[in-house]
Amino acid sequence: MADSIMSKAATMEIPINSNGDTGTLPEDDSLEQDLQQVMVSGPNLNETSIVSGGYGGPAGGIIPTSSIKGSSNNNTGNSTEEVSRGVAVEKLDSVKKWGINTYKCTKQMFSERFGRGSRTVDLELEAQIDVLRETKNKYENILRLATALISHFQSMVQTQQALGDSFTELSQKSPELQDEFGYNAETQKLLCRNGEALLSAINFFVSSIDTLVNKTMEDTLMTIKLYENTRLEFDAYRSDLEELSLSPRDAAAMVRIEMAQHDYQIHRDKYERLRSDVTIKLKFLEENKVKVMHKQLLLFHNAISAYFAGNQEQLEQTLIQFNVKLKPPGSDKPSWLEEQ
């Protein structure tokens, strides 16, 4: 059903000016993408069944004894019919409401896209949403770069480990250069230990940023998406009420206006509720972001500074201060079973 409505919407004629003139809307890929956001799945009609039947007694008004015995079965059958009809009517009513809602939202979306319809705008909230989306993109970039840093640095630490092992082996087999190989072996092993500590700190940093971006921010953006869909519905029913208010006021029109006013109020309440939810989530998100980033940026700075200054004690203290557990060497490597 959604596909048939979308195919008809591509060539749907709607009023394009106050005189009621109509025109065929041009096809637009972006409009189709927006339309797919509005379209929702209709009710499931797979289980719909309408049972029809009746009772026809014998001529002469004589009811046989077998009919009296089966009266309880007939009552059960009638009850089943009523339940089935009630389910069918309820589902058909859901389809009708879904179709009307989809049509109104589609019409509103086309009107807004071509500048023929007005939309409700909360300038302050819209600005905060834009800032959140921009911030999320920038934090995702930091996440990619920090992940790349871990990959490159992990390769360097592994190389230092292998180099230290080679120096140790040569110090045992080269008596004339035993001290020189030994010094270099100790240096590489020390750098490897410090590198493992730094990797633990960076991994902790990446894990925290990933949680902030892909869970906390994403949750807020999902609420924002619901808010934006609700805003479109609200404006669709608002526009419908405004059009009806300008029509002649006969008895039928007054009934339609009253029903439109009721639907408008329902969608307005929903819109206000979601707008409040978005405002609250944006506030808590900002507070949480500042708290998390203050800690993680301090950890990242102290760990990097201590490592490249060669201050092993300060690096270890940084891990203790931020409750970062040092991963044992090779813990990131897959197990033998995983490799199989």
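H6 and H7 pack at an angle of about 165 degrees, and their axes are 8 Å apart. The model here is a predicted one. With an angle over 145 degrees counting as roughly antiparallel, H6 and H7 therefore run roughly antiparallel to each other. H6 passes H7 in a left-handed crossing. Sort the residues of this H6–H7 contact by class and you get 31 nonpolar, 12 polar and 14 charged.

Now for H7 itself. This helix covers residues 251–308, 58 residues in total. At 1.5 Å a residue it should span 86 Å, and its end C-alpha atoms sit 83 Å apart, which agrees. UniProt, in an unreviewed entry, puts a "coiled-coil region" at residues 257–288. In the model, residues 257–288 are 100% helix and 0% strand, with 46 Å between the end C-alpha atoms.

Just after H7 comes Gly-310, with a positive phi of about 75 degrees. Next up is H8, made of residues 312–321. H8 packs with H7 at about 160 degrees, their axes 8 Å apart, so these two helices are roughly antiparallel as well. Their crossing is left-handed. On the H7 side, the contact uses Leu-299, Asn-302, Ala-303, Ala-306 and Tyr-307, while H8 brings Gln-314, Leu-315, Thr-318 and Gln-321. By class, that contact splits into 5 nonpolar, 4 polar and no charged residues.

H8 also packs with H6, which spans residues 178–245. Here the angle is about 25 degrees, and the axes are 10 Å apart. That makes H6 roughly parallel to H8, since angles under 35 degrees count that way. The H6–H8 crossing is left-handed too. From H6, the contact takes in Leu-190, Arg-193, Asn-194, Ala-197, Leu-198 and Ala-201; from H8, Gln-312, Leu-315 and Leu-319. The classes come out as 6 nonpolar, 2 polar and 1 charged. Leu-315 of H8 turns up in the contact with H7 and again in the contact with H6.

| Helix pair | Angle | Axis distance |
|---|---|---|
| H6 and H7 | about 165 degrees | 8 Å |
| H7 and H8 | about 160 degrees | 8 Å |
| H6 and H8 | about 25 degrees | 10 Å |

Technical notes
Residues are numbered from 1 along each chain as its sequence is written. This is a predicted model: local features need pLDDT of at least 70, side-chain atom pairs count only at pLDDT 80 or more; totals for chains, interfaces and linings use all residues. Side-chain values use heavy atoms; hydrogens and water are left out. Helices (H or I, at least four residues) and strands (E, at least two) are DSSP runs, numbered from the N terminus. The expected span of a helix is 1.5 Å times one less than its number of residues. Axes are lines fitted to C-alpha atoms, for helices over the stretch in contact, and angles run from 0 to 180 degrees between N-to-C directions. Angles under 35 degrees count as roughly parallel, over 145 as roughly antiparallel, 65 to 115 as roughly perpendicular and the rest as oblique. A crossing is left-handed if the near helix is turned anticlockwise from the far one by less than a right angle, and right-handed if clockwise. Contact means heavy atoms within 4.5 Å. Ala, Val, Leu, Ile, Met, Phe, Trp, Tyr, Cys and Pro count as nonpolar, Asp, Glu, Lys and Arg as charged, and the others, Gly among them, as polar. UniProt positions are given in the numbering used here, feature names are shortened, and annotations may be inferred rather than shown by experiment.
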